[in-house]
Amino acid sequence: MKVLGKFAALATMCVTAGMAVWAGGAHAAYPDRPIRLVVPFGAGGITDIVARQVGKGMGDALGQSVVIENRPGAGGVIAAQLAAGAPADGYTVFMGTVGTQIVNPLIYSKLSYDAAKFVPVGMVSGSPFVLATRAGLPAADFAAFVAYARANPGRLNFGSAGNASSPHLGLELLKLTAGVDIVHVPFKSGSEAVNAAIGEQVDVVMDASPIIMPHVASGKLRALAVAADKRLASAGAVPASAEVGDAALQISSWNALLAPAGTPPEVVAALNAALQKTLASAELKDRLAAQGTQLYTGSAEEYRRFIAAENAKWTDIVKRANIKMD
């Protein structure tokens, strides 16, 4: 997956063209009022952080505000249902995640939205996860943590952003790859789960580097591994999972911008062009990279390729972990 770097001028032309095409029909020029960006988790989590920064850039490109609407709960089902049922006019868009687009359709026999019917605007970002524990847990590194968990099956607990959220999937993957038994405790957001670990209410958390590492630096959490094949600059000396004997433990929080089914192609084009222009910002790229987040190229085709690979990966893991919601 290529990191974006050269679409600003083209994106500007595309935004103008998309708006002109929309204006050329029987409708007012798009957009002529604020756009709602529905986020499936609470404020303070990595999806919210990315949504606010990308939404600001898109709003500047489109000449209208992009208003963030956090709708946490039910592993993203509440937000996805809201976005899927919104008018297909470009004034409601959705920040999709692995939970909303891949896992929920796998674990719910009846789902109130069809993930496959969202219209992809484009990929947005990805953030490798960092596995961390509460500061008081008697395990100084990954090997000691695994040994402790194996010696105490079912006694450790793990806080996540909710059932079927990316951190929950990270836990299930950890249980499979490390052979440990840890109890899942769902919260409404990643920040709530992290705060619970800081407060010694849960033992383990896993979330993106921007969420975890500030608390590691302050001594409130202990980082054990980056769930990736190589180290992350924003995580300093924290080893990659591949270095500590668990190469299969790889997961990131990814985000994709989506629109309700039936959104006119010219509106999707205008949204995509604004997204491309935003992701081309060197300032935004550097700012998020310093926090451990990589920006993607933002194309709809990239989303389709990426979603196919993610579907194959998580279908296998969900089956092996026997994750079911009904």
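## The second largest pocket

Helix H2 (46-62) gives the largest share of the lining of the second largest pocket, four residues. Helices here are DSSP runs (H or I, at least four residues) and strands are E runs of at least two, numbered from the N terminus. This is a predicted model, in which local features need pLDDT of at least 70, side-chain atom pairs count only at pLDDT 80 or more, and totals for chains, interfaces and linings use all residues. Residues are numbered from 1 along each chain as its sequence is written, and side-chain values use heavy atoms, with hydrogens and water left out.

The second largest pocket holds about 160 Å³ of space. Besides H2, helix H9 (265-279) and H10 each give two or more residues to its lining. The lining is made up of Gln53, Lys56, Gly57, Asp60, Lys277, Thr278, Ser281, Glu283, Leu284 and Arg287. By class, one is nonpolar, four are polar and five are charged. Ala, Val, Leu, Ile, Met, Phe, Trp, Tyr, Cys and Pro count as nonpolar, Asp, Glu, Lys and Arg as charged, and the others, Gly among them, as polar.

A pocket is an open set of points on a 1 Å grid over the protein atoms alone, with protein on both sides within 12 Å along at least five of seven lines. A cavity is a set where a 1.4 Å probe fits but cannot get out, and lining residues have an atom within 4 Å of a point. Points are joined across faces, edges and corners, and a volume is the space filled by probe spheres set on them.

## The largest pocket

The largest pocket has a volume of about 740 Å³. Its lining has 31 residues, and Gly126, Pro128, Ser252, Gln294 and Tyr296 lie nearest the centre. The lining divides into 17 nonpolar, seven polar and seven charged residues.

Where does the largest pocket lie? Domain 1 (35-126 + 252-321) and domain 2 (128-243) both give residues to the lining, so the pocket lies between them. These bounds come from an automatic or database domain assignment. Strands E4 (119-134), E9 (252-259) and E10 (294-295) each supply at least two lining residues, as do helices H10 (282-289) and H11 (300-321). The largest share, five residues, comes from H11.

## Two cavities

The structure holds two cavities of 30 Å³ or more. The largest cavity has a volume of about 110 Å³. It is lined by 15 residues, with Phe41, Ile46, Thr47, Ala161 and Pro167 closest to its centre. H2 and H6 each give two or more residues to this lining. Domain 1 and domain 2 each supply at least three. By class, five lining residues are nonpolar, nine polar and one charged.

The second largest cavity has a volume of about 40 Å³. Ile35, Leu37, Met58, Val66, Val93, Leu257 and Leu271 line it. Its lining has seven nonpolar, no polar and no charged residues.

## Helix H5

Helix H5 spans residues 142-151, and Phe142, Phe145, Val146 and Ala149 are buried there. Seen down the axis of H5, the buried residues fall within an arc of 95°, so they line one face. The arc is that of the directions from the helix axis to the C-beta atoms. The face turned away carries the exposed residues Ala143 and Ala151. Buried means under 20% relative accessible area and exposed over 50%, with partly exposed in between (1.4 Å probe, protein chains only).

What do the buried residues of H5 pack against? They pack against E4, helix H6 (166-178), strand E7 (204-208) and strand E8 (221-226). Contact means heavy atoms within 4.5 Å.
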